[in-house]
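Open the model in your viewer and keep the selection tool at hand. This tour goes stop by stop.

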Protein chains: 2
Amino acid sequence: MTADFELSHLISKRAASRQTSHFSRGPPPKDTPPGFKAAEKFIPLHWGTPNEGFFPIESIDVNVVDHPFQASLGNSLTNASLEALSISGQDSKNQNYTKVSIKKHSSDPDALDLAHGLQYSEVKGTPELLKFTREFITRTHKPNYEEWDTITSNGAGEGLNKVVEAILDPGDVVLVEEFTFTPFLQNIRNVGGVPVPIKLNLSHDSEGLDIEYLTDLLENWEELKPGLSKPKALYTIPTGQNPTGLTQSIGLRRKVYALAEKYDFFIIEDDPYGYLTLPSFQKPSSTIKLDNYLTVEEYLKDHLTPSYLTIDSKGSVIRVETFSKLFAPGLRLGFIVAHERIIEVMTKYSEIVVRSSSGTSQTILTNVIKHAFGGVDGWLNWILKMRATYSHRKDILLNTIYESKAYKSGYIDVIDPHAGMFASVIINFPSGTDIEAKIKLLIFKFLHYGVGVVPGINMAADKEFSKERGAFFRITYAPAPNDQVLTEGGELMMKAIVDFFEKDFEF
Amino acid sequence: MTADFELSHLISKRAASRQTSHFSRGPPPKDTPPGFKAAEKFIPLHWGTPNEGFFPIESIDVNVVDHPFQASLGNSLTNASLEALSISGQDSKNQNYTKVSIKKHSSDPDALDLAHGLQYSEVKGTPELLKFTREFITRTHKPNYEEWDTITSNGAGEGLNKVVEAILDPGDVVLVEEFTFTPFLQNIRNVGGVPVPIKLNLSHDSEGLDIEYLTDLLENWEELKPGLSKPKALYTIPTGQNPTGLTQSIGLRRKVYALAEKYDFFIIEDDPYGYLTLPSFQKPSSTIKLDNYLTVEEYLKDHLTPSYLTIDSKGSVIRVETFSKLFAPGLRLGFIVAHERIIEVMTKYSEIVVRSSSGTSQTILTNVIKHAFGGVDGWLNWILKMRATYSHRKDILLNTIYESKAYKSGYIDVIDPHAGMFASVIINFPSGTDIEAKIKLLIFKFLHYGVGVVPGINMAADKEFSKERGAFFRITYAPAPNDQVLTEGGELMMKAIVDFFEKDFEF
């Protein structure tokens, strides 16, 4: 760690001591014998890399759609969100896809062709993809300092693991939202770290993280958490929080960032679907219009909540992104934005443990974004089409809830998300209810009715800590094949709740 | 660990204690309330997986070659290995590739289509690829017991890391070949393990591992390595060893396996290119014939050295394979074969840290092998074409050496490999030479002449231990674009050696 990074002391001891070396590196230049001059031409008999002539693939053609669900048009299912996004008159028999041809050798020196994409490549990521991530972040969430960098990951899960490997030593504390993406708790524990939950405000007009609770906890840490070391990081999903669906305003983020500065900890910003901003519920029409699309400028100016990066002036924020939700999970590809010193530490870890991300995925993604979508703004346009589709789906699902007897009878509240893939249904149990027992029973009720939902309490970092606030269910409009299935799912869920209330919370 | 696995006590404490859980798993069936019956139809509002209609790719066409370097035919470079493998009359303007079309939805229920391949998938690997790896190992290196299994990795490097995470605790010892794939030493050290080098026999007719040295070391461990715990594993690259190029006979493997049984340790078999068996040097003709190809049966019966798996009767062997050398490194895809209990342990680790391998890579590889090559035997046929090409390249490079003044003057010996991508040139320094200093100078000589080679000593696990045997260089015939470059590289290397000897080992 060089002195120019103020937070060097927060790097894990394990990470700071990691040594990498490769046998193929040459001797240090200082020992050069007199008379030595490196030949201008150089024939490699050293690297154990197969020539690309050995690769069995000569070229790959990727057929790219113009908008989500394009190929499903004309099928027999009712699907307003599909029809709405179609170009009129187009049907499934007459599709026009944009063909992106990736050759083994491209004449464009900046291209990520197969000779490079299928070869061993840079641990940090291919230069072409890193360039895109840099341009993309500059356009969307530009950090408030210069020395930031990016590294690819094998998806957000592996990206988050890079983060714990960079900053956590055994015994180090990470603050987490009390309901959270629980697999990350295993990453924390895997390196001996300790997750400590922070209360969330759970209501339809809240912003999630309870800033009063957090402030008080930090002010009185020694007293409230005796024996635990001071937190080294806060892990947050600030936009379309998983599982609640809540989004922190930029105002709240500023307050949280000020606490991070004051109490000397990192903010780990996990943002897998925050680009999918969503307007407040509107009664869905059977079709939505193409002109519902925002322009990129409108979107960036008025809709996208700025990342913690935009407030960050010294490298306190580590942002974890993924292409899983905006492109496809099977790519196993994402990236991290952080201070260049953190990225260096992560690169060393990757060099030893996971090596580089899939070149196949990097090559396909990079070429599709560049040649089918047209670069950063084209990619944002694709995101806006995703957003319009998700927005319609969210309203379809929420409409079944708002129209239900369960909602109208006051049995439930709903969190209408401003971004992402999740909404929450909060069960209004009478006070004094044994929430844990009743939630367990209600899960069976949902299975009995044939609808799968996630109990909020299953995503609690500490079930005891959160038991009073665990009376909610996460629902998602992401996997359903069409509007009809979404509607049916929402209606089944509501019927199950009504049944449960009418049987006085017994099965 | 269940009792049916005799080597459970060798699993690392860290691995044995790993807990995984996912919030979306249902309640345990034992708590089912009376009257509960799961609905037959089930609508998922729980999984946070985007519907495949959101994936921007509708289909991928992969254009697969019939033999290595197919597209280079007809270019202006002398390239016997290319021309030799061509179908006569074919040229680069008139290529016939086999097109493998991967659709979003396949009508074949066993197909790995994009809806599955680009979705979140099984941590162990997609069922389709796992089925292939199982059939492939059954055909090539069938273990001598039933309870074996496979898991995919993100290439051999990440596969080897899975191994250390499964079996090593801090202080645990791994025996390694004294010259080895040094990045693996970092994996060992990363989990607190201790590599201990085993002598190699370095001559053109040796088999690598010095079995007398190994036997003696194990018999007298406490005395020879006071303070070190007994070895938990031996790490070996038994076929076309990196860097030496040496191959252990099945007879030697049996002796090593007997030691593993007697002294209770795992054998970690790293085999990235052992399928590329090579005949002894034959003076290369300007072309080689297509009928030089072996049949699959001949190859399996007489050429492929059986893996340690074929001797293994209880799960002592952990075999690490990769598709990097036979398909392409950029896939970042390989697999591990081991006892099913070891595979379980690795799956838990992957679930937390690296998640699954790239679905993009799995989908392309699986479909190409199935639909362009025709399954296991078709894949072996592709390997035989790779083998024929490598064999020719090896002989081209070695021919420049055997024809050289350096060889004829006795300045060097050569290890002609029976498999893989590497040969070794051993420098016959007069006794009493300061080998370390002279090797360092000779590296500059090679750079001065314009040829890149790897000093064996750079790949020593312990430079002090190996300094007397470190007077060799690893060379490879893998990356060169054609025969002409290979020839030039070999000639330059020999000229540099002659120059060095004639200048009495001064620059």
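By what turn and what shift along the axis can chain A be laid on chain B? The turn is 180° and the shift is 0.0 Å, with an RMSD of 0.1 Å. The two copies are thus related as by a two-fold rotation axis. The superposition is by least squares on the C-alpha atoms of residues with pLDDT of at least 70 in both copies. Select Asp61(A) next: of the C-alpha atoms in chain A, that of Asp61(A) is nearest the axis, 2.5 Å from it.

A word on the model before you go on. This is a predicted model, in which local features need pLDDT of at least 70, side-chain atom pairs count only at pLDDT 80 or more, and totals for chains, interfaces and linings use all residues. Residues are numbered from 1 along each chain as its sequence is written, chains are lettered from A and ligands numbered from 1 in the order in which they are written, and side-chain values use heavy atoms, with hydrogens and water left out.

**Stop 1: where the chains meet**

Colour the two chains apart. The contact (heavy atoms within 4.5 Å) takes 118 residues from chain A and 118 residues from chain B. For chain A, 100% of the interface residues are also interface residues in chain B, so the copies meet through the same surface.

The area buried between chain A and chain B is about 9,900 Å², and carbon and sulfur atoms give 63% of it. Buried area is the accessible area (1.4 Å probe) that two parts lose on being put together, summed over both. Now select Phe23(A), Leu45(A) and Phe54(A). In chain A, these lose the most area to chain B, together 10% of what that side buries.

Next, look for charges. Four salt bridges cross the interface of chain A and chain B; each is a side-chain nitrogen of Lys or Arg within 4 Å of a carboxyl oxygen of Asp or Glu. Select Lys41(A) and Glu488(B): they form a salt bridge, with the closest N and O atoms 2.7 Å apart.

Then show strand β2 (residues 57-64) of chain A. With eight residues, strand β2 gives the most to the side of chain A that touches chain B. Strands (E, at least two residues) and helices (H or I, at least four) are DSSP runs, numbered from the N terminus.

**Stop 2: two domains in one chain**

Chain A is divided into domain 1 (114-383) and domain 2 (403-502), with bounds from an automatic or database domain assignment. Their C-alpha centres lie 27 Å apart. In chain A, 33 residues of domain 1 are in contact with 27 residues of domain 2.

How much area do domain 1 of chain A and domain 2 of chain A bury between them? They bury about 2,400 Å², 63% of it on carbon and sulfur atoms. Select Phe179(A), Pro243(A) and Leu278(A). These supply 23% of the area that domain 1 of chain A buries against domain 2 of chain A, more than any other three residues.

Two salt bridges are counted between domain 1 of chain A and domain 2 of chain A. For a salt bridge to view, pick Glu403(A) and Lys283(A); their closest N and O atoms are 3.0 Å apart. Also highlight α6 (183-190) and β6 (194-198) of chain A. Each supplies at least two residues of the side of domain 1 of chain A that touches domain 2 of chain A.

**Stop 3: backbone details**

Most residues other than glycine have a negative phi, and most peptide bonds are trans. Return to Pro243(A), in the loop between β9 (231-236) and α9 (250-263) of chain A. The peptide bond from Asn242(A) to Pro243(A) is cis, with omega near 15°.

Bring chain B back. Asn242(B) and Pro243(B) are joined by a cis peptide bond, with omega about 15°. Last, select Asp264(B), in the loop between α9 and β10 (266-270) of chain B. The phi of Asp264(B) is near 60°, a positive value in a residue other than glycine.
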